[in-house]
Amino acid sequence: MHLHKYEKIWLIFGIGSLLVFLSVIGVGAYYKGQQPPSCLTTIDPEKVDQTAPFDQPGVKQVGDNHYQVAIVMQAFAFTPNTIKVPKGATVDFVVTTKDVVHGFEIAGTNVNMMVEPGYVSTATKVFDKKGEYLILCNEYCGTGHHMMTAKVEVTD
Ligand code: CUA
């Protein structure tokens, strides 16, 4: 009978510590940010033009209804500055900068990320409606900042 009782206590203690442990991990992960980081890959900002996929910026089909769009940002332009993708396709934006920090925002969507020299930022988007979407730099980058725009054309 004694053993039985102790076993129960240890079992409760064990489950209790497990819960504490899991909640600490959960809280830790939460504080690191609600969104996964968008820039995990590094790049030499001096060699953007020679580094794939930025050596050939633009739209590339990578699978069935799946596209990768490589974009190079530099004060004060996007290369390329017009991107055409079909409606309903999965589009992976892969973005870097050759100079200073820029912001990559597609107006009216949840795509909004910082683009820092030395890093590759990525975002995935499915455009459900055809039309034109404005891409803008939303991080102050110098005198031409307000003119730094591009567009996505979503076709049928
Ligand atoms: Cu680039 Cu603001």
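Which residues are linked with K87 in a network of salt bridges? Hold that thought for a second, and keep in mind that what we have here is a predicted model.

Okay, the answer: K130 and D156, which join K87 in the network. Let me zoom in on one piece of that. The side chains of D156 and K130 meet in a salt bridge, 3.5 Å from N to O. D156 comes in the segment after β11, while K130 sits in the loop between β9 (119-126) and β10, so this pair ties together parts that are 26 residues apart in sequence. And how covered are they? D156 is exposed, at 66% relative accessible area, and K130 is exposed too, at 54%.

There are six salt bridges in the structure, so let me pick out a couple of others. E153 pairs with K151, with the closest N and O atoms 3.5 Å apart. That distance also shows up as a polar contact between the two side chains. E153 belongs to strand β11, residues 149-155. Is E153 buried or exposed? Buried: its relative accessible area is 18%, and the cut-off for that label is under 20%. K151, on the other hand, is partly exposed at 27%.

Then we have D44 and K47, a salt bridge with 3.9 Å between the closest N and O atoms. For anyone keeping score, the limit is 4 Å. Both ends come out as partly exposed, D44 at 34% relative accessibility and K47 at 45%.

Last stop, the surface. Which residues form a nonpolar patch there? Y6, I9, W10 and F13, with about 510 Å² of accessible area together. Y6 is in helix α1, which covers residues 2-31, and at 52% relative accessibility Y6 counts as exposed.

Conventions:
Residues numbered from 1 in each chain as written. Predicted model: local features only at pLDDT ≥ 70, side-chain atom pairs only at ≥ 80, totals over all residues. Heavy atoms only, no water. Patch = residues over 30% accessible without salt bridge, like charges linked within 9 Å, V, L, I, M, F, W, Y side chains within 5 Å. Areas by Shrake-Rupley, 256 points an atom, 1.4 Å probe, with all protein chains shown as cover. Helix = DSSP H or I, 4+ residues; strand = E, 2+ residues; numbered from the N terminus. Buried < 20%, exposed > 50% of the residue type's maximum accessible area, 1.4 Å probe, protein only. Polar contact = N/O pair within 3.5 Å; in protein donor to acceptor, adjacent residues only side chain to side chain.
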